[in-house]
Amino acid sequence: MKPELIEELKNISILCVEDEDGIRETIVNTLNYYFKDVYEATSGNEGFELYEYYKPKIVITDIQMRDGNGVELVKRIRENDFETMIIMLTAHSNEEYLMDLINLNINHYILKPLNLKKLSQALEKYLVKSSKPVMLSDDLLFDLQKRELIYKGSEIIPLRKREKDFLYLLYEKKGSILKYEEIEFELWNDKEMTTHALKSFIKELRNKLPVNVIKNVPQEGYTLQK
């Protein structure tokens, strides 16, 4: 993998879900070379708890596990999240699961045993996807890699880091609600987020946007305007 791609991965979090200790330890040791934060779980149920708490950008999971298999884990994630990249570890005996996984929008399959080449191919696929600008409205693009907001193809809207991160979170929650507690956890850096501080933040950000793409959901949080 190219050095510049490895550098990009250092700002990304990943969750590894595998119930066989030796396999999981090998995978996690490899992932620690690439990623800033690597979380590990021994079952689908534990994996979902860690996913909900840490919101990793990538989940790599085995299919057959005790205490909640990989298919059920993916179903729970995909109820509200279609952006997190999911990589499935499969074996020849897992063919009966493939139709379920196709319908659940799996991003990549890796046939066991996992090796560095297979992992690199999957990670490069993630980087290509995350580097493409996304459309927030007809005239407003958001470059996910550079965290830049682009108006009408060329004008870059100046934003502070927290504002860029907020728009990124909104995009990640596309189709669902970015809840108040998630905003506090992700953007306020372990400090208390008051209602006044959040309202002031949103008002200031809206004033900077040439198109209003932020919709408030009372008592819950925010979402992108449809």
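The largest pocket of this predicted model has a volume of about 950 Å³. A pocket here is an open set of points on a 1 Å grid over the protein atoms alone, where a 1.4 Å probe fits, with protein on both sides within 12 Å along at least five of seven lines; lining residues have an atom within 4 Å of a point. The volume is the space filled by probe spheres set on the points. Of the 26 lining residues, N11, I12, K36, K57 and R147 lie nearest the centre. By class, the lining has ten nonpolar, five polar and eleven charged residues, and α7 supplies the largest share, five residues.

Helices (H or I, at least four residues) and strands (E, at least two) are DSSP runs numbered from the N terminus. In α2, R24, I27, V28, L31 and Y34 are buried, meaning under 20% relative accessible area with a 1.4 Å probe and protein chains only. Seen down the axis of α2, these residues fall within an arc of 105 degrees, so they line one face of the helix. T26, N29 and Y33, on the face turned away from the buried side, are exposed (over 50%).

Residues are numbered from 1 along each chain as its sequence is written. Local features need pLDDT of at least 70, side-chain atom pairs count only at pLDDT 80 or more, and totals for chains, interfaces and linings use all residues, while side-chain values use heavy atoms, without hydrogens and water.

How values were computed. Ala, Val, Leu, Ile, Met, Phe, Trp, Tyr, Cys and Pro count as nonpolar, Asp, Glu, Lys and Arg as charged, and the others, Gly among them, as polar. The arc is that of the directions from the helix axis to the C-beta atoms.
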